[in-house]
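I opened my notebook to look up a few things in this structure.

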Amino acid sequence: EQRSRQKKTQVRKQEKVETEKENCFRPRMTDIEFSAMSKYFRHCLKKGLFDGFEGLDSNRLTLVYFCVSGLDLLSDLNDGESRQVLAWVRRAQIQQASESSGFRGSTFFVAGSNDESFWDVGHIAMTYTGLAILQICGSTVTALERSRILEHARRLQLKDGGFKCHAHENDSDLRYLFSAVAVCHILDDMSRIDVLAAEHYILQCLTYEGGFGLRPGCEAQGGSTYCGVAALTLLGRLNALSPAAHRAMVRWCLRRQVQGFQGRPNKDEDACYSFWIGASLDMLGASELADWPAVAAFSSACQDASGAMGKAAGMSADPLHAYMGLAG
Amino acid sequence: RRWTPFSERAEWSDVTPIPQDDGDNPVVPIAYSAQFVDTMNYFRAVLSSNEKSERALKLTEEVISLNAANYTVWAYRRSVVQALGRDWTEELQWVTGLAEENPKNYQIWHHRRCCLEQGASTEGELEFLSSFIMDEELQDAKNYHAFAHRQWVVRHFALWSQEAEFVEALLKADVYNNSGWNHRFFVASNTTDMSTGVRAAEIEWAVQHLRRAPDNESAWSFVRGMAEAPGPAAYPALLAVISEFAQRPSPSLPALEMQ
């Protein structure tokens, strides 16, 4: 589940056009709270997580992203750290000439191997994550890598417009579509994927409740709603939503606020939805309609002894919630 | 059961393990156990040689027990099952054993689907899903993957006949279960022409549950969704209910909104 929660800092930064509005409606946390969060991300980055996190081995790239982007949002990422991160992230990149390209979830496969392993393929969500990390750390890919990665994204698109996650898996949902669109956006080339088909798939995910589900027919949910709205925004096709659908989506997002935000009706609030729902509202141009002081109060309560956020009050911090709570 | 290092397993003596290279300064390092390192070293080896054998199959089970979220092991395991010509119904039974410990794991649910796609028997699949979802101990009454999988099963195999009863049982246990409401809407959308008559009947059904909990967002979203075509004015039963709940001393907010 952690692997699925990835963010597009770029989109957030684009939204900083509305910085003035944000300052009005989102009280900033104190410097003390900021520095505690910095410490937390830095600790995770350098020292890792506690024992027993082998189950996150395949998602290590996303954990790196949360820490790096968290530090970046706090304007506290230094050059030495960037370099260390880049050196490691390059090991997760598929560099051999092969059918696939992009990034792996970790250094699971031996980097730079000349063996053409059938199973050593890029994963679209990890490719997005890898590219985002590169960008934050001031790096980029070569022209050849860029071309190969775009081709890798193209090949993952299915007939229904959706995207599967990697070459050997036909599991498809809005997270992977968002990841693919984000990859094309970072690499500044939307021409390789079928944009119209992607748009069609996204709209199929609209539900009667007004949000987006993960696949056509699935329940509207905060994370998938973000993926749909963000993908349409990056495609420049947010106006594919009719005015009525747009209004219904804003309404659905606003109803997710209890104090913090919940992901679905009649479910518990969770710090990560501060981002998924908050960013969706931003992109829908309705951010000022939410009660941000209430969100700040909820987020405050989510901070554990380290100062970083957990999922809810009383729960220990983890990189995903620490980052999403901060980003929200 | 005591774990045996691979170096002590005679059946693996011909294989050279491939170590991971995390570099000199890894970030977000994970404190891998000796068992994890050893198992993954041998997994890398069979992936490199693309081995399809019984021992490889057993190895995937060990990898999965250490990291069920590894996105390579599942695809690889399926290719081994295929190559060995093993029974997909048995494979489905095997993965059922893992569901309880890993209820939120995307890959396990996807694996179920793959088994069924490959020809595993659907017998008992909906019953499994029902008991998984309704098991009070598991607390998975709103498990997103379970519902998404159920949607796929009923649609792919046209197994619609139990769904009305399933939703009733779900809402009886918790009328606020949004997943149940979404499922009912999904069933209606896929098995009817969603004509005004159908929608009116669905609204009438929903109103019973609305009366039990007039503040239930799930129920109001459902009736709003059903009434969308051609519009609330076409459903007098709905208008009556809105009016009734909006006029109570403590009015239902969703009803007020819909007025």
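**Entry 1**

I began with A:Lys164, and its bridge partner in β2(A) is A:Ser172. This is a predicted model, so I read every value below as computed. I then looked at the two strands as a pair. Strand β1 of chain A covers residues 164-166, and strand β2 of chain A covers residues 169-172. They pair in the antiparallel sense, over two bridges. I noted that β1(A) and β2(A) form a hairpin, with two residues between them.

**Entry 1: aromatic pairs**

How many aromatic pairs are there over all chains? I found 33. I picked A:Tyr128 and A:Phe178 to look at in detail. Their ring centres are 5.5 Å apart and their planes stand at 75 degrees, so I wrote the pair down as edge-to-face. The cut-off for that label is an angle over 60 degrees.

Where do the two residues sit in chain A? A:Tyr128 lies in helix α6 (residues 124-136), and A:Phe178 lies in helix α8 (residues 174-186). The pair therefore ties together parts that are 50 residues apart in sequence. I also checked burial. A:Tyr128 has a relative accessible area of 1% and is buried. A:Phe178 is buried as well, at 2% relative accessibility.

Next I took a pair from chain B. The ring centres of B:Trp109 and B:Phe132 are 5.3 Å apart, with the planes at 75 degrees, so this pair is edge-to-face. B:Trp109 belongs to helix α5 (residues 106-117) of chain B, and B:Phe132 belongs to helix α6 (residues 125-134) of chain B. The pair ties together parts that are 23 residues apart in sequence. I marked both B:Trp109 and B:Phe132 as buried.

I also looked for a group of rings. One aromatic cluster is formed by A:Phe108, A:Phe109, A:Phe118, A:Trp119, B:Phe43 and B:Tyr76. I noted that this list has residues from chain A and from chain B.

**Entry 2: arginines over rings**

A:Arg256 lies over the face of A:Trp252, 4.9 Å from the ring centre. In chain B, B:Arg55 lies over the face of B:Trp12, at 4.6 Å from the ring centre.

**Entry 3: chain B as a whole**

How many helices and strands does chain B have? I counted 13 helices and zero strands. I then compared the chain with a compact globule. A globule of 259 residues would have a radius of gyration near 18 Å, but chain B has 25 Å. Along its principal axes, the C-alpha trace of chain B spans about 80 × 40 × 30 Å.

Of the 259 residues in chain B, 55% are buried. I looked at contacts in chain B with a separation of 6 or more, and 63% of these join residues 24 or more positions apart. Chain B exposes about 11700 Å², and carbon and sulfur atoms supply 49% of that area.

I went back to helix α5 of chain B for B:Ile108. B:Ile108 is buried, with a relative accessible area of 1%. Which residues does B:Ile108 contact, leaving aside neighbours within four places in sequence? They are B:Trp74, B:Val95, B:Leu98 and B:Asn102.

B:Phe147 has a relative accessible area of 6% and is buried. B:Phe147 and B:His183 are 36 residues apart in sequence and 7.6 Å apart, C-alpha to C-alpha. Leaving aside neighbours within four places in sequence, the contacts of B:Phe147 include B:Ile133, B:Phe166, B:Leu170 and B:His183.

**Entry 4: backbone details in chain B**

The peptide bond from B:Ala229 to B:Pro230 is cis, with omega near -10 degrees. I placed B:Pro230 in the loop between α11 (217-227) and α12 (236-246) of chain B.

B:Val28 is not a glycine, yet its phi is positive, at about 40 degrees. B:Val28 lies in the segment before α1 (34-49) of chain B. Is B:Val28 buried or exposed? B:Val28 is buried, with a relative accessible area of 1%.

B:Ala158 also has a positive phi, near 50 degrees. B:Ala158 sits in the loop between α7 and α8 (163-173) of chain B. At 53% relative accessibility, I counted B:Ala158 as exposed.

Conventions. Residues numbered from 1 in each chain as written. Chains lettered and ligands numbered in written order. Predicted model: local features only at pLDDT ≥ 70, side-chain atom pairs only at ≥ 80, totals over all residues. Heavy atoms only, no water. Phe/Tyr/Trp six-rings, centres within 6.5 Å; stacked < 30°, edge-to-face > 60°. Helix = DSSP H or I, 4+ residues; strand = E, 2+ residues; numbered from the N terminus. Buried < 20%, exposed > 50% of the residue type's maximum accessible area, 1.4 Å probe, protein only. Lys NZ or Arg CZ within 6 Å of the ring centre and 35° of its normal. Pairing = 2+ DSSP bridges. Rg over C-alpha atoms; globule rule 2.2 N^0.38 Å. Contact = heavy atoms within 4.5 Å. Areas by Shrake-Rupley, 256 points an atom, 1.4 Å probe, with all protein chains shown as cover.
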